Every structure is written in structure tokens, then in C-alpha cells.
Amino acid sequence: MALLSLTPFLSLAVFGLLATPAGFLRFRKSKLGLAPFVCILGLAIALVSTVWLGFTSPSPVSFGGLQVDLFTLFFSGVLLIVAIFVTVASLQNMREDPNKGPFFGLLLLSTLGMIVLAASMDLILLYVAWELMSIPTYALTAFRKKDPNSNEAAMKFFVLSALSSALIVYAISLVFGITGSTGLTAIASSLSTAGPDVRPFGVLAIVLFIVGFGVKMAVVPFHMWIPDAFEGAPVTIGAFLASGAKMAAFAAAFRVFIVGIFAFNVDFYSTFAIVAVVTMSVGNVAALMQKSFTRLLAYSSIAQAGYILMALATPFTTTSVPLGLAGGLFHVLNYAILKTAAFIAAAAVATKLSVTDLDSFNGLSRRMPQTSLSIAVIFLGLAGVPPLNGFFSKVMLFTGSIYSPYSWGGYLALAALINSGFSMSYYGWVIKRMYFDEPGDESRIPEPRIYMVVLWAATILIFVIGLYPDPWIRLVQSAAAALVGSRGS
Amino acid sequence: MIGLLSIAIFLPAVLAAPTYLLGRKNPKLAKVMGVGTTAIVFAISILILAVFQYGQPGFQLSETYPWAASFGLNYKVAVDGISLPLLMIATFLSLLSAAGSWDQITFRHAEYYALFLIFETGIIGVFTSLNLILFYLFWEIVLIPMFFFIGIWGGPRRRYASLKFLIFTYSGSAVMLFGFLALYAWAGTSAYPGGPSFDYDVLAARIPSLALPLQLVVAITTFFGFAVKLPIFPLHTWLPDAHVEAPAPVSVLLAGLLLKMGGYGLIRYNLLLFPKAVSVLWPYFTTIGLITMVYGASVALVAKDIKRMIALTSVSHMGYVLLGAFTATVAGVSGAVFQMFSHGLAVGMLFLMSGYIHEHTGTRNIDELKGLRGKMPQTVTLLFLASMAAMAVPGFANFISEYLVIQGALSVSYLFAIAIVAPSLTVGYFLWMLRRVAMTPGIGPKNEPHLHSILILVAFLVPLLIFGVYPPPILGSVITPTVEKWIGTIIALGAK
């Protein structure tokens with residue numbers, strides 16, 4: 001029965017391999033176009049089994065380095081929701097594309113890499129999953145192979161991402177050298193007794209991990225690729241990178257630091273606190289100066305990564321509720337929904353206007369009322385206005401930071417709140433453009449139905465989570481407890 | 001069983017969606033539904049008045065439901081003598097403002113009334129909630145409709161004013177939220193049995209044992225959030241812009257209700273929660289209040305736009321609230337609460353009138369509004385009465401509230417005698433304005449607003465005159481018992 005816990009993984013693997021050939025199936029010389037449906041079926045089975053597993057068998061099941069616990073299932077659920085939104089939106093986006101099979105196949109395989117990443121308790125498995133997640137996304141970013149922007153974005157993304165993979169491998173080798181193990185629990189028990197002679201290597205490994213994960217998490221100063229990649233990639237892939245790959249990198253960082261490296265007597269919490277403050281401040285200030293909607297989304301996603309990083313900056317003892325960590329996981333969920341929806345809204349605007357510079361948003365509420373309304377809701381959610389979902393996760397993160405045993409915890413929370421207040425200036429500015437400014441052209445723009453379905457689903461989810469957060473808070477609390485519980489005794 | 005308060009809070013928000021959906025094709029229906037809903041909510045608030053037990057100092061009509069128990073959150077609403085007068089002007093001004101919008105809002109009615117109802121939910125929620133996060137939630141709900149009101153239905157500089165309003169108040173609330181979260185964390189450590197909580201009563205019981213530096217941090221950060229809304233002197237610059245650009249019925253909400261959120265927050269969450277911090281901070285806060293009073297009045301003296309002048313009188317009059325509240329005397333605090341009530345009515349009336357005057361003369365410039373007495377005799381009569389109320393002429397409720405504030409201040413220190421400058425300046429600029437607007441000879445045909453508009457204006461005057469002549473029903477049996485109880489508590493806990 002334990003094998004049932006592998007259903008989400010197997011479903012993604014099987015359907016991911018099937019999707020590409022399914023895209024080439026022909027019937028009387030015309031393509032059947034089965035690939036997207038194979039993809040959606042695979043994702044749906046994975047999501048249903050994830051939810052079912054979460055309800056029925058919350059106790060962790062371990063297969064060597066692969067551990068299926070509530071933390072894994074939580075991330076699996078979040079990433080699958082993102083993948084489903086992206087796939088459905090891609091039905092519209094990729095309508096004219098002849099290579100649907102590889103596109104959806106790669107999407108599924110990358111999703112598989114992400115959820116394995118969340119499940120890995122072994123550094124080697126973690127690295128394999130990291131590459132399984134990354135390599136398809138390079139191809140997906142460059143999917144418009146005749147578009148120079150897409151190619152440039154992919155190149156930039158690939159070079160930095162490959163560098164980050166190399167750094168992670170180096171960090172893994174250092175950790176293996178110190179501890180003689182690649183399993184996270186064994187690493188933890190070995191590190192807790194590590195002598196002073198290995199300390200420099202341990203610190204180097206931590207720095208390399210932070211940089212390696214930091215590139216994917218897009219924390220400052222490793223954020224440079226994000227705006228270009230998001231702008232150049234097909235817009236739905238922008239959503240996939242911003243919400244999928246980025247959150248999966250956070251899952252990996254949570255596992256490695258909270259289950260493994262925490263035992264090492266090095267104060268990486270302060271490092272994360274500094275990086276968090278710099279990341280959110282740079283993201284918010286830079287977002288204010290953008291002229292293009294996708295770049296604005298990119299910088300706002302950098303700022304949001306800064307908030308999530310606060311979860312790694314708040315140490316906790318085993319006795320108290322890891323409120324900051326639970327808040328971080330909650331923000332992962334909320335951010336993933338908000339950001340995916342924001343990119344899909346951008347896709348809806350881009351289909352007809354073909355540009356996403358902010359001037360084309362002037363008076364958009366009269367031209368695309370549904371899209372504008374959902375963008376307004378999403379932006380208020382990102383700014384953390386109650387009763388939308390982003391509010392409660394921020395409250396939990398910031399409160400967790402105040403609880404921190406470090407005396408700077410309160411200042412970190414204050415800095416984050418001031419940032420949060422400041423971010424309203426650009427979120428409000430876009431809303432002002434959409435609702436208060438006069439459009440240059442009054443004509444109504446048709447809103448693609450598929451995008452609207454996704455946007456309405458996301459908007460409803462934003463309100464549901466915001467108005468009744470209790471079950472979601474309990475979910476993230478138990479996911480956080482599962483993560484802490486996977487530390488081993 | 002859902003109680004009266006919850007119905008009053010959520011009925012408008014629930015009806016906002018049908019108002020929008022049905023009203024999109026039929027603007028008349030949107031107007032009817034908008035005004036009708038506010039009328040129903042006002043009727044519910046009358047019902048609350050009927051079941052309220054007068055003379056009782058504690059919280060009444062309390063409702064508690066679990067909300068997000070996993071995070072120490074519950075849904076808790078109640079009224080006491082401090083919130084009841086504000087609840088009443090919230091429902092009353094919403095009704096009058098919705099009725100006043102009938103003529104003055106000329107486009108996108110469905111959106112307007114839907115947002116209006118969401119605003120009403122927020123404002124009633126702010127005055128009744130007794131959980132910090134619930135309070136913050138309603139506090140922010142008020143913000144968003146107001147942003148759209150100014151931005152869509154406002155004057156020529158509406159875009160600038162709306163964004164300025166949003167950024168100022170949202171930043172203020174972010175700092176205030178820090179205070180709330182810090183309070184949750186610091187008063188929720190293992191030293192306090194029962195775990196962390198956002199509940200008002202729980203926190204009120206715990207705070208006295210909180211260390212003074214922590215109390216000071218929370219008191220100052222929350223003060224900042226409330227002070228932006230109030231607004232106090234250096235943080236007030238969003239207010240004249242927002243008022244000048246907002247349509248007149250929205251100015252009624254803005255001055256009559258939104259500013260009162262700041263005043264209410266100061267009393268409920270600052271003065272009453274942090275007695276020890278107040279004993280350290282009161283000289284600073286009252287001085288800021290004094291400066292705001294005099295500053296607002298001085299700037300109003302030179303304002304050219306009649307709406308800008310009224311906006312600046314609000315700044316000045318809100319200074320009284322700050323001064324009265326932090327004297328921490330029964331007279332001062334009762335005066336502050338009563339001042340919010342009476343000022344809300346007086347300034348609401350003035351703003352709505354400025355909208356009618358603008359509509360019928362095409363200008364709001366005081367120097368151009370010559371000879372209004374000939375053109376709009378009924379309106380000018382009402383303008384005189386409203387100005388008398390704002391000048392705090394005896395017979396109007398404003399006199400009693402300002403008298404109480406200054407009495408409270410003088411009982412603390414004779415230095416507060418300086419406060420008397422503000423009322424004198426107020427009389428000065430109002431009389432000067434009236435002389436220029438009404439007493440100059442003017443020519444032009446009679447151009448009076450409709451009778452129903454005049455009736456709306458008269459409705460503002462009724463409570464002002466009743467409670468100005470005979471205040472006990474509101475002061476002695478509602479406000480003072482609650483204030484006496486709280487002041488007794490906080491003085492026992494070390495306020496001064």
C-alpha cells in the first residue's frame with residue numbers, strides 16, 4: 001500500500017512521457033491534438049491523488065531518499081495547481097503552435113522534477129530533481145525558436161541557471177566531504193558534532209547553497225535574469241517559472257536548511273534576514289520604475305521572494321509552533337496562485353494588444369473589464385490587503401519574525417511591513433491606470449474565454465482563502481510540522 | 001443566531017453584488033437599491049438603539065464566532081458607549097450621503113453604489129469589531145472603495161489625489177499593523193496562559209503586565225496609523241487634496257466617517273489599551289493635537305476653495321479629538337467622542353452643501369460666489385446654520401463637545417488655555433467666508449436645489465440641534481458611563 005504514495009510522481013512521469021508522442025498522433029493526416037489533454041489528465045490524477053493522500057495517510061512514507069510527507073504533499077498540491085493553471089492557459093496560448101507534444105510533455109516532466117525536489121531527503125536525489133526541473137524550462141523558455149527575445153531570455157536564463165546547478169553540486173560535494181553522507185538526516189547528526197577544523201568548509205557550503213538556490217529563488221543580487229526571462233519567454237511559461245520553479249527552489253531550500261544544515265552551529269539566519277530585506281526593498285523600488293507590465297510582475301515577484309525568505313530567517317525551537325515557517329509556506333501557496341493568475345492576465349492582455357507596456361493599460365477597465373477586475377484583485381492580494389489571501393500569510397510571516405529569538409526580528413518585520421506599504425504605490429498605480437486613466441482607444445477587446453476561466457478560478461480562490469483562512473492555516477501548520485518532523489531524532 | 005450587529009455589518013456587502021449586477025443595465029435600480037439598503041441598515045441601527053441598555057458601561061450586543069482559531073482569531077463584535085454614537089453617525093451619514101449621491105453622481109451608478117455598500121460594511125465593522133485583525137480587515141476594506149470613489153468620480157486632479165490618499169493611508173496602516181502583530185507576539189509568550197490572541201478583551205487584561213518599552217513601541221506605531229487617518233499636522237497633506245477632488249457625497253463619508261476611524265482607533269486601541277505608555281506620551285500627543293487645531297484653522301483662513309476650507313476645518317476639529325482623548329480625563333474623552341459625533345454631522349452637511357453650491361453656480365471659489373443670498377436663499381440659510389454648528393455656537397452639539405474637550409484639557413494643565421485660539425480662528429474664517437459668499441450684493445436668477453436636497457440638509461441639523469440643546473440622552477446615558485469606567489480602569493493602571 002505504501003507504493004500508492006508514489007501515485008503523483010508516477011502519474012506525472014507516465015503521462016509526461018506519453019504527452020510528446022501523443023502530440024504527433026495523426027488521424028487521416030490531421031493531428032489529433034491529444035497532447036494537452038494527456039497533460040491535463042496526468043496533472044489531474046496527480047492532484048487528486050495528492051489531495052487524497054493528504055487526507056488519508058498523513059504519516060510520512062519514505063523510499064530511500066524520497067520522502068512523501070505532508071510537506072511534500074503540500075508543495076505537490078501548490079505546484080500542481082500552478083501547472084494546471086498554466087496548462088489550461090496554454091491551450092489558448094499554444095493554439096497555433098505545431099509542436100504541442102513536446103511543449104506539454106516538457107511541462108509535465110518539469111513539474112515532476114519540482115515535486116520530487118520537494119520530496120527529496122537526499123542531496124543526490126535533490127540534484128537530479130533540480131536538473132529535471134530546470135532543463136525542460138530552458139527549452140520551454142526558448143520555445144518560440146524564431147523569436148530573438150525568447151532565445152535571448154533562454155540563453156541568459158540557461159547560463160545563470162547552469163551556474164547555480166554547478167554551485168549546488170559543489171556545495172553537495174563539500175557537505176559530503178565533511179559528513180561522509182548525502183542523506184539529510186545523517187548530515188544533520190554528523191554536522192551537530194562537527195569540530196572546528198571543518199567549520200570553514202561548512203560555511204563555504206552554506207554560502208554556495210544560498211547562492212545556488214538563490215539564483216532560482218531570484219533573491220537579490222542573483223535576480224538579474226528574472227525580468228528578461230519573464231519578458232522573453234512565452235507568457236504562460238513566465239507564470240510557470242515565476243510560480244513553479246521559484247517555489248520549488250524554496251521547497252529545496254526549506255528541506256536543506258531546516259532538515260539538514262540547521263544542526264551546524266552557524267548563524268545563517270542573519271544572512272537570510274539581510275538577504276530578505278535587501279531582496280524585498282530592491283524588488284519593490286525597482287518595480288516602481290518599470291514601463292512594462294511583465295517586468296513589473298518580475299520585480300514584484302522578487303519582492304515577494306523576500307517575504308518568503310523571512311521564513312528561513314526565523315529560527316524556532318522544537319517546542320514552539322514554527323509560525324514563521326508556516327507563514328512562509330502559506331505565502332508560497334498564496335503567491336503561487338496570485339502570480340500565476342497575474343501572468344495569465346498579462347497573457348490575456350498580450351494576445352490582443354501584443355504588447356504589455358504599461359501605457360496600454362490606460363483605461364483597460366473599459367476595454368477588458370473582466371481582466372482588469374481580476375488584475376485589481378490580484379494586485380491588492382499581492383499588496384496584502386485583507387480580506388484577500390496574501391494578507392494572512394504576510395501576517396503570519398511577520399508575526400513569526402517578531403517571535404524570533406534574535407533581537408532584530410522586530411526590525412525585520414517592521415522593514416517588511418514598510419515594504420508592504422510601499423509596494424502599494426506601484427500596485428495602486430497600475431489600478432489607477434486601468435480604472436482612472438482615459439484609454440487612447442475606446443474599442444472593446446475580446447477576452448479569450450480560456451484565460452477568463454483560469455482568472456475567475458484564481459480570483460475566487462483568492463477570496464475563499466482570504467475570507468476563511470482557517471483550514472488553510474491548519475494545512476500549512478501541519479506541513480511545517482511535517483518538515484520539522486522529518487529532521488529525524 | 002446572527003445578531004443585529006452582524007446583520008448591520010454584512011447586509012450592505014451582501015447586497016453590493018446584486019446592486020452591481022442588476023444596476024448595470026438599469027441605473028435607476030442601482031440608485032434605489034443603494035439608497036434602500038442604507039435605509040434598511042439605518043433602520044437596523046435604530047433597532048440597536050432600542051435594545052441598547054442605557055447607562056451600562058460595558059460591551060453590549062456582543063457576538064463571538066470562531067473564525068481562524070488556529071491563529072488566535074475570532075470574529076467578535078460589540079458596541080459600548082464609545083462606539084454606539086459612531087455607529088449611529090455611520091449609518092445615518094451613509095443614508096444621507098447615498099441620498100445625496102442621487103443627483104450628484106452622474107455616471108457609472110452600479111459601480112458607485114456597489115462600492116458604497118462595501119464601504120458601509122467596512123465602516124460599521126471598524127466601529128464594532130473587538131479583534132485586532134478583524135478591525136484591521138474592516139479598516140482596509142474602507143480604503144479600497146474610497147480610492148475608487150476619488151479616482152473615478154472625482155474632480156480634475158482625481159488621479160493624483162486618489163493615489164496620494166491610497167499610499168498615505170496604506171503606509172500608515174502598515175505601520176499600525178506592525179503594532180498589532182508585535183502586541184500579539186509580545187503579549188502572547190508563554191508567560192501568558194491561554195496562548196497568543198488578537199482578542200481585545202484578552203489583550204486589555206494582559207497589557208498592564210507588559211514591559212513599558214514594549215508598550216511604548218506598540219503605542220507609537222499604532223498611533224502613527226491612526227494619526228495618518230485623523231489626520232495630525234505633518235501627516236495631513238493627503239486630506240485637502242482628497243476632499244477637494246472627491247465628489248461632495250464622498251467628502252461627506254471622508255470627513256464624516258473616515259476621519260472618525262482615526263479618532264476612534266486612538267481612543268479604543270491607543271488610549272484605553274496602553275495606560276502606562278499614555279502616561280509617558282500624553283504631553284507629546286496633546287501638543288500635536290493642539291498644533292493640529294491651530295494649524296488647521298490658520299490654513300483654513302486663507303483657503304480660496306470653499307471645499308478646501310471645509311476640509312481644513314476638519315483637520316482643525318480632529319485636533320480637538322486628539323487633545324481631548326489624551327487628556328485622559330472623563331470630560332476630555334467624552335468630549336472627544338461627542339466631538340466626533342457632532343463634527344461628523346456638521347461637516348457632512350457643509351460638504352454636501354458645497355456640492356450643491358458647485359452644481360448650481362459652477363464654482364467653489366469663495367471670491368466668485370458673490371451674492372449667494374439672492375440666488376439660493378434656502379441654501380444660504382442652511383449654510384449659516386451649518387457654519388454656526390461648525391463654529392460651535394451654543395445650542396449646537398458642537399459647542400458642548402468642544403467645551404468638554406477644553407474643560408478636560410484645562411483640568412490637566414492651564415497651559416492648554418492656548419487651545420482657545422483655535423475656536424476664535426474658526427469663528428473668524430467662517431464669518432469671513434459667509435460675508436464674502438452671502439452678504440455681498442449679487443445678481444442673478446434664483447437657482448435653488450430641489451426640495452429633497454434641502455430636506456437631506458435639514459436632516460443633518462436635527463440631531464445637531466436636539467443634542468445641542470439637550471445632550472443627556474447621548475452624553476449622560478451613553479458616552480459618559482463607558483468613559484468613566486475606562487478612565488477609572490486606566491488611572492488605576494497608572495495613566496498619569
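Apart from its neighbours within four places in sequence, B:Met340 is in contact with B:Leu86, B:Lys260, B:Gly263 and B:Val321, two residues being in contact if their C-beta atoms, placed from the backbone, lie within 7 Å. The model is a predicted one, in which local features need pLDDT of at least 70 and side-chain atom pairs count only at pLDDT 80 or more, whereas totals for chains, interfaces and linings use all residues. Residues are numbered from 1 along each chain as its sequence is written, while chains are lettered from A and ligands numbered from 1 in the order in which they are written.

B:Met340 lies in helix α13 (residues 330-361) of chain B, where helices (H or I, at least four residues) and strands (E, at least two) are DSSP runs numbered from the N terminus. B:Met340 counts as buried because 30 C-beta neighbours lie inside 10 Å, the cut-off for a buried residue being 20 or more other C-beta atoms within 10 Å of its own, with 12 or fewer for exposed and partly exposed in between. The C-alpha atom of B:Met340 is separated by 8.1 Å from that of B:Gly256, 84 residues away along the chain.

Chain A has a secondary structure of 19 helices and 4 strands. Its radius of gyration is 21 Å, close to the 23 Å that the globule rule gives for 489 residues, so chain A is as compact as a globular protein of that length; the radius is taken over C-alpha atoms, and the rule is 2.2 Å times the number of residues to the power 0.38. Of the 489 residues of chain A, 62% count as buried.

Within chain A, helix α5 (residues 123-141) and helix α10 (residues 235-260) pack at an angle of about 170°, with their axes 11 Å apart, the axes being lines fitted to C-alpha atoms over the stretch in contact and the angles running from 0 to 180 degrees between N-to-C directions. α5(A) and α10(A) are therefore roughly antiparallel to each other, a description that applies to angles over 145 degrees, as against under 35 for roughly parallel, 65 to 115 for roughly perpendicular and the rest for oblique.

At the interface, 31 residues of chain A are in contact with 29 residues of chain B. On the side of chain A that touches chain B, α16 (389-403), α17 (409-435) and α19 (470-485) each supply at least two residues, and α17(A) gives the most, with 14 residues.
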